[in-house]
Amino acid sequence: MSNSDLLDKKLCEKLAQSASLTIGHDVLITDSFGYVVASNDPDRVDSLHEASLEVIQSARKIYHDAAAARKFAGTKPGITIPIIIDSIVIGTIGITGAPHEISQYALLIQQLAQIFLDFEKRQRSTTRTDYRKKNLLREIITYDPRSHDEAAICESAYEFGIDLNAARIAVKLEEIEGRHDDASAETRVHQTQIMECLLRHFDHPQDFVCPQNNTGYVVFAFGLRSIQPQQYLEMLQQKCLCVSSECLTAGIRLRIGIGFFSHSVETLRQSYENACFALKNIHAGIRNSTCLYIGDVVLEKIAASLPDGICSEVSAQMFGRVMQAKNREEVLLTIEHWFQQRFNFVQTAQALHIHKSTLVYRFRRIRETCGLDMYDLDKVLAIYLLDIRHKLCDRDDSRTSSIVM
């Protein structure tokens, strides 16, 4: 980026207009080549302010009386001041008038211009960095060894100080009430709050934190070598819960999925996909949680990978009565809690919020109406897997249901 590119034309126009109205004198701003980019006098825009060339070269302010001004093209009597950002002259400010009239304003206008333009520069730099980080994220989560260059992706990551071959875990976060296509002021405020919270908790130099869209965020959390994997995973889960709790205090509800450990671009992509799958289980209501680790839904992952044909055949041939029962939702809910409570009768009754005697009656009714013995654990597990697969596929809307309705 050239020095002239650091000058935002619209911002310069506002500065020149505001300064001129405030002090009652003509004000112009030039680029690093001495050409006027903004002025309260529109006729001077794009013209050469020759007096600025000496100021740009010397980085010092210079007064020009009427005689001196006549020697320079496009110059009126007054003062020309350098605009300096990071020790580089990126342009000048010209103020028309006698020295005793304008000297009191010169330093103030110079400082204000430098503050605003420096802020604009940093904003643009942040925007470019965010764009590059999103590109890197996209390259990682769409990585295919057959068509992508892993070394090039790692090189892009090194520009951010990130080693993709180090141990790390993918974390996917989503704002529950947010919409991907919502660009409202409230959404932007939420984005800022969530990112600030994530950067506070994931502050290791090797942590990669990036917004994915208006409501989604990805963290590639660095796996500390000094900590055992299981201990680190527990720390990571606690960190995610802290993020969720802090955001909730600000009125922002999050869902969080956590993947497996990774040690390469390919396994990091898999870790991300696993984090997304953990989130899908929360979406589908399979797990009543706001933060879920992929290791806690391994059986659900197996269920999601079952072939359509086998699932349809088993569902129709073996569990037709269950799937066609009038109280099918109650039966499936009972099976779900029965399995998730590890076939513990008392805990299942508590999870269903019913009395133990009511659960005894429900078990008996399921046997009579559906022909299913709730203590035939093989069949219970099979129905649970089919039901889970149906819920997950229903979330995708990309595969036909494997359960006969």
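## Basis of the description

A pocket is here an open set of grid points with protein on both sides within 12 Å along at least five of seven lines, and a residue counts as lining when it has an atom within 4 Å of a point. The model is predicted, and totals for linings use all residues.

## The second largest pocket

Under that definition, the second largest pocket is lined by 17 residues, and those that lie nearest its centre are L15, S18, A19, I109 and L112. The space in this pocket comes to about 250 Å³. Two or more lining residues come from each of α1 (9–23), β1 (27–30) and α4 (99–141), and α1 gives the most, with eight residues.

Sorted by class, the lining of the second largest pocket holds 14 nonpolar residues, together with two polar residues and one charged residue.

## The largest cavity

One cavity of 30 Å³ or more is counted in the model, and the largest cavity holds about 50 Å³ of space. The strands β4 (78–85) and β5 (88–96) are the elements that give two or more residues to the lining of the largest cavity.

Which residues line the largest cavity? The lining is made up of L28, R44, H49, K76, P77, G78, I79, T80, G94, I95 and T96. By class, this lining of the largest cavity divides into four nonpolar, five polar and two charged residues, where Gly is among the residues that count as polar.

Definitions and conventions: Residues numbered from 1 in each chain as written. Predicted model: local features only at pLDDT ≥ 70, side-chain atom pairs only at ≥ 80, totals over all residues. Heavy atoms only, no water. 1 Å grid on protein atoms, 1.4 Å probe; cavity = no way out; pocket = protein on both sides within 12 Å on 5 of 7 lines; lining within 4 Å. Points joined across faces, edges and corners; volume = space filled by probe spheres on them. Helix = DSSP H or I, 4+ residues; strand = E, 2+ residues; numbered from the N terminus.
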